[in-house]
Each structure stands twice: as structure tokens, then as C-alpha cells.
Amino acid sequence: MHIRLNEQWLQLTASCTVAELLQQQQIPPQGLAVAINNTVIAKRQWPAQQLNDNDCVNIFHIVTGG
Amino acid sequence: MLRIADKTFSSRLLLGSGKFASPQLMQQAIAASGTQMVTLALKRLQLDKPQDDLLSPLKAMNIQLLPNTSGAKTAQEAIFAAELAREALQTPWLKLEIHPDPRYLMPDPIETLLAAEQLVKLGFVVLPYCSADPVLCKRLEQVGCAAVMPLGAAIGSNQGLQTRAMLEIIVEQATVPVIIDAGLGAPSHAAAAMELGAAAVLVNTAIAASADPVVMAGAFSQAVNAGRTAYKAGLATTQLHATASSPLTDFLAAL
């Protein structure tokens with residue numbers, strides 16, 4: 001299946017959860033927020049939240065700012 | 001002690017974390033300022049770039065992290081950014097800021113009030129960056145904001161308390177803490193803000209863009225303390241004519 005991850009198409013060999021996606025992409029989870037199809041997914045739901053074909057996944061992170 | 005929502009702070013200086021030359025300099029300036037609350041922002045992750053670990057050193061300093069909604073141009077975008085921020089930092093505390101125009105970065109009062117009302121209902125502790133408008137500040141207070149953050153001047157402009165007369169009305173009317181945010185360019189501006197009764201000030205550019213941010217952070221800390229102490233002492237009144245501080249007797253009349 002394919003998902004769109006931060007504006008880039010990504011092929012996944014099997015269905016996976018948000019937590020598994022972060023692990024596969026080697027993205028440390030600290031200071032991150034995830035939205036699927038413009039809905040924010042709570043951190044506690046990451047291990048259970050399955051990704052579906054054509055999902056638009058956006059990952060945001062904390063940066064410095066005033 | 002400064003009380004906002006259910007938390008108390010001994011420092012009345014809030015720091016913005018932007019524009020520092022390095023993360024190390026930012027951490028040193030935070031330590032030198034004695035601040036207990038630091039603002040942060042959100043960005044879309046760039047997958048091909050390694051990230052610095054910004055959060056671990058800040059968490060070790062035991063300070064309240066205050067994510068902002070910078071980048072939001074509407075209430076709807078701000079609410080989305082707020083939900084992201086709450087997950088990213090696991091805190092309901094939020095600096096709400098909505099400024100659609102990048103030239104002056106003036107906060108949109110209508111979108112800010114709409115967003116504030118919704119965010120309070122969603123359980124956020126909302127600290128809105130807003131115009132120095134006494135009516136708007138009252139409305140923000142009425143919808144449940146934990147504080148109001150009116151501007152002294154445009155963000156990063158270092159022009160000081162350009163809105164002074166309005167800030168005085170806001171402070172006089174407020175029943176939530178008034179945190180003067182934006183435009184404070186020198187410790188004297190921060191002292192003046194505290195003297196007029198602000199509960200706290202938020203400073204970023206004036207410290208981060210100074211020649212020595214760590215020393216400047218300390219200078220702002222002293223100014224905030226001096227201004228607060230003067231406010232509590234009660235300033236003497238101003239008047240047009242002179243009043244002598246020494247006795248005006250005619251003891252030299254015999255010469």
C-alpha cells in the first residue's frame with residue numbers, strides 16, 4: 001500500500017500503525033505530533049492507529065520560537 | 001508569586017526560544033534569565049534532515065514549556081496547531097497567536113477571540129497574544145483565557161511600550177494576569193512594563209539578537225525584578241511644577 005508522508009509518496013510492504021511507521025522511518029517520537037488526513041492523532045493512540053492505503057500522514061515537531 | 005491557571009511562578013520573565021545563534025546559547029540564556037516558562041513553535045518535520053534534541057535539556061531545567069500557534073492565519077488553523085502542540089509536548093498550555101500579515105505580524109483580534117473560546121472549551125490553558133485593546137482583552141478574559149498577552153510594539157521591533165496608554169487601561173481592568181509580549185527591546189522597557197502593573201513580560205528578540213544574549217538575559221531579569229518591586233512600593237506621582245526636596249529657607253539672606 002501507499003501513503004503520503006509529509007508530501008512524499010511512500011510504499012509500505014504491509015499495513016502498519018503510526019508507532020510502527022515512526023520506528024521504520026527511524027524518527028524519534030519525542031516532541032512529535034502526527035495528523036492523518038488532517039486529524040490529529042493522540043500519542044496514546046499511536047500503537048493502535050492503523051494506516052490505510054492513500055492516507056495522508058503529516059508529522060510535525062517542536063522547534064524554537066517566540 | 002505569579003499565578004496562572006493552577007501554577008505558580010517565582011519568575012515574572014517569560015522567554016521566547018527563537019533566534020538564538022545556537023541551542024547551547026539558548027540554554028545558557030534561559031538559565032541566566034531565571035525564567036520558568038519558555039515558548040516553542042511547531043514545524044513540519046523534514047524527513048531528510050536530522051533533528052537536534054531540543055527538548056531534553058529544557059525538560060531537565062524544569063520549566064513550563066509553552067508551545068505557540070505561530071503560522072496560523074485563522075482560528076481553524078490555530079485550533080489544529082494547538083491540538084498538534086498538545087500532543088507534541090503533552091501539555092494543554094498554549095500561547096495562542098494568529099497573525100495573518102507577515103509584515104507587521106499584528107494579531108488578528110477576531111480570529112483570536114473565536115479560537116480562544118473554542119480552545120478553552122477543549123480544555124486548553126490559553127494565553128493569547130493580542131492587540132493592546134482593553135475591550136478585546138476583557139472579551140478574551142470572559143471566554144476563559146488564563147492570561148492576556150497584549151503587545152507593546154510589533155514582534156521583534158524592539159520599540160518598547162508604544163501602546164502604553166492602552167496597556168495601563170488593560171492592567172487596571174484585568175482580573176487575569178497581563179503579560180506584556182512583543183516589542184520590548186531593552187531592560188528599561190521591561191522595567192517600565194512591570195512598573196505599570198504587568199504581571200509578567202515575554203522577551204525573545206531583545207535577548208536572542210543582542211551581542212551577548214546570556215548577559216542580556218540577566219539584565220532583563222534584574223529589570224523585571226526592579227520594576228515589580230517599584231510597582232509594589234508604589235510610584236510617587238508626577239506633576240508639572242517642581243517641588244523642592246531641600247528646605248528653601250533664607251539662611252543665606254545675610255550674605
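Predicted model: local features only at pLDDT ≥ 70, side-chain atom pairs only at ≥ 80, totals over all residues.
1. As background, strands of a sheet pair through backbone hydrogen bonds, and they can do so in a parallel or an antiparallel way.

2. Which residue does the side chain of Lys95(B) meet in a salt bridge? The partner is Asp181(B), with 2.9 Å from N to O. This pair links distant parts of the chain, as Lys95(B) sits in strand E6 of chain B and Asp181(B) in strand E9 (residues 179-181) of chain B, 86 residues apart. Over all chains, the structure holds five salt bridges.

3. Next, some annotation from a record. An unreviewed UniProt entry lists residues 4-247 of chain B as "domain: Thiazole synthase ThiG". In the model, that span is 40% helix and 16% strand, and its end C-alpha atoms lie 48 Å apart.

4. The UniProt annotation "binding site", also from an unreviewed entry, covers Gly156(B), Ala182(B), Gly183(B), Asn204(B) and Thr205(B). These residues are spread over 50 residues of sequence, yet they cluster in space, with a largest C-alpha distance of 9.1 Å. One of them, Gly183(B), is found in the loop between E9 and helix H7 (187-195) of chain B.

5. Let us turn to where the two chains meet. Contacts involve 24 residues of chain A and 26 residues of chain B. Interface size is often given as the accessible area lost when the parts come together. Here chain A and chain B bury about 2300 Å² between them, with 66% of it on carbon and sulfur atoms. In chain A, the residues that lose the most area to chain B are His61(A), Ile62(A) and Gly66(A), which together make up 27% of what that side buries.

6. What about polar links across this interface? Eleven residue pairs are in polar contact there, both residues at pLDDT 80 or more. Strand E3 (32-36), strand E4 (39-41) and strand E5 (56-64) of chain A each supply at least two residues of the side of chain A that touches chain B. E5(A) gives the most, with seven residues. By class, that side of chain A has 13 nonpolar, nine polar and two charged residues. The interface also has one salt bridge: Arg44(B) pairs with Glu7(A), and their closest N and O atoms are 3.5 Å apart.

7. Finally, strand pairing crosses from one chain to the other. How does E5(A) run against strand E4 (residues 37-44) of chain B, parallel or antiparallel? The two run antiparallel and are joined by five bridges. Thr64(A) is a handy residue to look for here, with Leu40(B) as its bridge partner in E4(B).

Key
Residues numbered from 1 in each chain as written. Chains lettered and ligands numbered in written order. Heavy atoms only, no water. Contact = heavy atoms within 4.5 Å. Buried area = accessible area lost by both parts, 1.4 Å probe. Salt bridge = Lys/Arg side-chain N within 4 Å of Asp/Glu carboxyl O. Polar contact = N/O pair within 3.5 Å; in protein donor to acceptor, adjacent residues only side chain to side chain. Helix = DSSP H or I, 4+ residues; strand = E, 2+ residues; numbered from the N terminus. Nonpolar A, V, L, I, M, F, W, Y, C, P; charged D, E, K, R; others polar. Pairing = 2+ DSSP bridges. UniProt positions renumbered as here; feature names shortened; annotations may be inferred.
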